[in-house]
Every structure is written in structure tokens, then in C-alpha cells.
Number of protein chains: 2
Amino acid sequence: MLAINLIDKFSKVDGYWKPKIVAEMNGQYVKIAKFKGEFIWHSHAAEDVFFQVVKGQIQIHLRDDIVDLLEGECFVVPKGAEHMPVAHEEAWVMMLEPVSTQQTGEYLTEATVTIEQQEWI
Amino acid sequence: MLAINLIDKFSKVDGYWKPKIVAEMNGQYVKIAKFKGEFIWHSHAAEDVFFQVVKGQIQIHLRDDIVDLLEGECFVVPKGAEHMPVAHEEAWVMMLEPVSTQQTGEYLTEATVTIEQQEWI
């Protein structure tokens, strides 16, 4: 069996805000996505989301705060918290969330990549 | 709110195989521990464990395989799989596992750090 090399996985990712699945554990998917620009405000009523910056840096905007994440740093967006991820420059991000979590929470937009569209790489 | 800086957290960790808790998400704890040498063979009947090497490199010995993890690489030990983590040199490792997961599975040894002893840092 082989370890998961995230840098190798990211080399196969095109586009921004397009999550790919790299592993599953205890009902959570481990996903990676490239971020650039502003995502949309959304929340997940019953699901926490774990973020870790693999390369670059991001901000997670909350309604009353902005959390800066440098390379290697992590943050858990608690269930119910409205948030908007932002990357001023391209950043590579690992996320863990339940297998049932929709990318944009309750808001399905044209930009939403549904779970069924989030392929394994 | 502040991001979790794992390197800062590791600077507060003494000893090897002594997990500390840095976050919780969806019933999972995010933990860090310094590894050096061989841990003990064990398994978790109902719980997957996610490993990511933050610094250094480790091996995860399975009964029929050895998985090499370089810095930044990840691996999920599936529920039920007997495994023994090994670090030939000191390595820093992040793990995610259910909040109920005992460090040494069903085997409680003198070396076991029980969940109650795994403090938040």
C-alpha cells in the first residue's frame, strides 16, 4: 500500500474550488482543492469542516472575524457558522468533512460541485 | 479566532508517543504526537485512523506490508487492521481518529496514554 502524496495529487487538479477526494475515514472524506479568489458565503448546519493549508495561505471569513491561515496551519469551521474562504493568491488546501457535506451548504449554485461530481484522484 | 499552528503546538510536546489534542471535528479528535522508535502492534476494531507526517518520516507496519510516509504524506489505517507505527528518527505526526479511540486499541499497556490523559494543547 502506498502513502497519499498530496503534492502529487494536486498536480492532477485543474481549476479552483473543485474538490477531489483522496481518502475516506470514519464517514469523513479527505479532500483537496485549489483556492483562488473568493468563494461564496455558506454554512453547514450539522457538519464541521477541517481546513489545512498545504501550500500558500488563505483566509476564512466568518461573519464577525477573519481567520488567517498560513502554510501548514489548520482551522475547524464549526457547524452552523457562515463562512467564506478567500485566497488572494493560489493556495492548495486539504479539507475533511462528512461524506454527506455539500460544498456550498444549503445553497446550490452554478458554481457548486456536488458530491457526486467530486471524483477520487 | 486563530488558526492552529502545528509547529507551535509541537514545540510544547515532550516525549514520544504522547498524543495531545489540538482540535475536534465531527466526533473526531485532531491530535499530534512525536514518534521515535517502534510503537506496539495494535488495532482498532471499528475506527479508521488518519496519519499525516508534519516533519520527518515514518513507517506504518501492517501484517503483510510496510507503508513509508515521507514528510507531508498521509495514510489511513483501516478499521481492524493490525499496525505498528515506526520512526527511525524523531518524526512529528498529526492524527485524526474518533474521540473514543484508545491509543493502543484493545491492549492497555503501561505505555498507553488513555484518552483522559491526552490533554488539549
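## Glu47 of chain B

Leaving aside neighbours within four places in sequence, Glu47(B) is in contact with Asn26(A), Val77(B), Lys79(B), Pro98(B), Ser100(B) and Thr101(B). The model described here is a predicted one. Glu47(B) is found in the loop that runs between strand S2 (28–38) and strand S3 (49–55) of chain B.

This residue is buried but takes part in no salt bridge. The nearest side chain of opposite charge belongs to Lys31(B), at 9.2 Å.

## Relation of the two chains

Chain A is superposed on chain B by a rotation of 180 degrees with 0.0 Å of shift along its axis, and the RMSD is 0.0 Å. The two copies are therefore related as by a two-fold rotation axis.

The copies meet through the same surface, because 100% of the interface residues of chain A are also interface residues in chain B.

## The interface

Contact between the chains involves 32 residues of chain A and 32 residues of chain B. Together, chain A and chain B bury about 2400 Å² between them, and 60% of this lies on carbon and sulfur atoms. Met1(A), Met25(A) and Asn26(A) supply 26% of the area that chain A buries against chain B, more than any other three residues.

Across this interface there are 0 salt bridges, whereas 11 residue pairs are in polar contact. Six strands of chain A each supply at least two residues of the side that touches chain B: S1 (20–25), S2 (28–38), S3 (49–55), S5 (65–69), S6 (74–77) and S7 (83–98). S5(A) gives the most to that side of chain A, with 5 residues.

## Gly27 and Glu97 of chain A

Gly27(A) lies in the loop between S1 and S2 of chain A. With a relative accessible area of 31%, Gly27(A) is partly exposed. Although Gly27(A) and Glu97(A) are 70 residues apart along the chain, their C-alpha atoms are separated by 8.4 Å. Beyond its neighbours within four places in sequence, Gly27(A) is in contact with Glu97(A), Pro98(A) and Val99(A).

Glu97(A) is found in strand S7 of chain A and counts as buried, at 6% relative accessibility. A polar contact of 2.8 Å joins its side chain to that of Lys31(A). Leaving aside neighbours within four places in sequence, the residues in contact with Glu97(A) include Gly27(A), Gln28(A), Tyr29(A), Asp48(A) and Val49(A). Glu97(A) is also in contact with Met25(B) and Asn26(B) of the other chain.

## Ile58 of chain A

Ile58(A) is found in strand S4 (residues 58–62) of chain A. Its relative accessible area is 3%, so Ile58(A) is buried. Not counting residues up to four places away in sequence, Ile58(A) touches Phe35(A), Val53(A), Val67(A), Asp68(A), Leu69(A), Val86(A), Ala87(A), Ala91(A) and Val93(A). The C-alpha atoms of Ile58(A) and Gln118(A), which are 60 residues apart along the chain, are separated by 22 Å.

## Salt bridges

Over all chains, the structure holds 8 salt bridges. One of them joins Lys20(A) and Glu119(A), with the closest N and O atoms 2.7 Å apart. This pair links distant parts of the chain, 99 residues apart: Lys20(A) is in strand S1 of chain A, and Glu119(A) is in the segment after S7 of chain A. Lys20(A) counts as buried at 12% relative accessibility, while Glu119(A) counts as partly exposed at 45%.

In chain B, Lys31(B) forms a salt bridge with Glu97(B), and the closest N and O atoms are 2.8 Å apart. Lys31(B) lies in strand S2 and Glu97(B) in strand S7 (residues 83–98) of chain B, so the pair ties together parts that are 66 residues apart in sequence. Both Lys31(B) and Glu97(B) are buried. Another salt bridge connects Glu82(B) with Arg63(B), the closest N and O atoms being 3.1 Å apart. Glu82(B) lies in the loop between strand S6 (74–77) and S7 of chain B, and Arg63(B) in the loop between strand S4 (58–62) and strand S5 (65–69) of chain B, so parts 19 residues apart in sequence are tied together. Glu82(B) is partly exposed, with a relative accessible area of 30%, whereas Arg63(B) is exposed, with a relative accessible area of 52%.

Note on methods:
Residues are numbered from 1 along each chain as its sequence is written. Chains are lettered from A and ligands numbered from 1 in the order in which they are written. This is a predicted model: local features need pLDDT of at least 70, side-chain atom pairs count only at pLDDT 80 or more; totals for chains, interfaces and linings use all residues. Side-chain values use heavy atoms; hydrogens and water are left out. Copies are superposed by least squares on the C-alpha atoms of residues with pLDDT of at least 70 in both. Contact means heavy atoms within 4.5 Å. Helices (H or I, at least four residues) and strands (E, at least two) are DSSP runs, numbered from the N terminus. Buried means under 20% relative accessible area, exposed over 50%, partly exposed in between (1.4 Å probe, protein chains only). Lys and Arg count as positive and Asp and Glu as negative; His and the chain ends are not counted. A salt bridge is a side-chain nitrogen of Lys or Arg within 4 Å of a carboxyl oxygen of Asp or Glu. Buried area is the accessible area (1.4 Å probe) that two parts lose on being put together, summed over both. A polar contact is a pair of N or O atoms within 3.5 Å; within protein, one must be able to donate a hydrogen and the other to accept it, and residues adjacent in sequence count only if both atoms are side-chain atoms.
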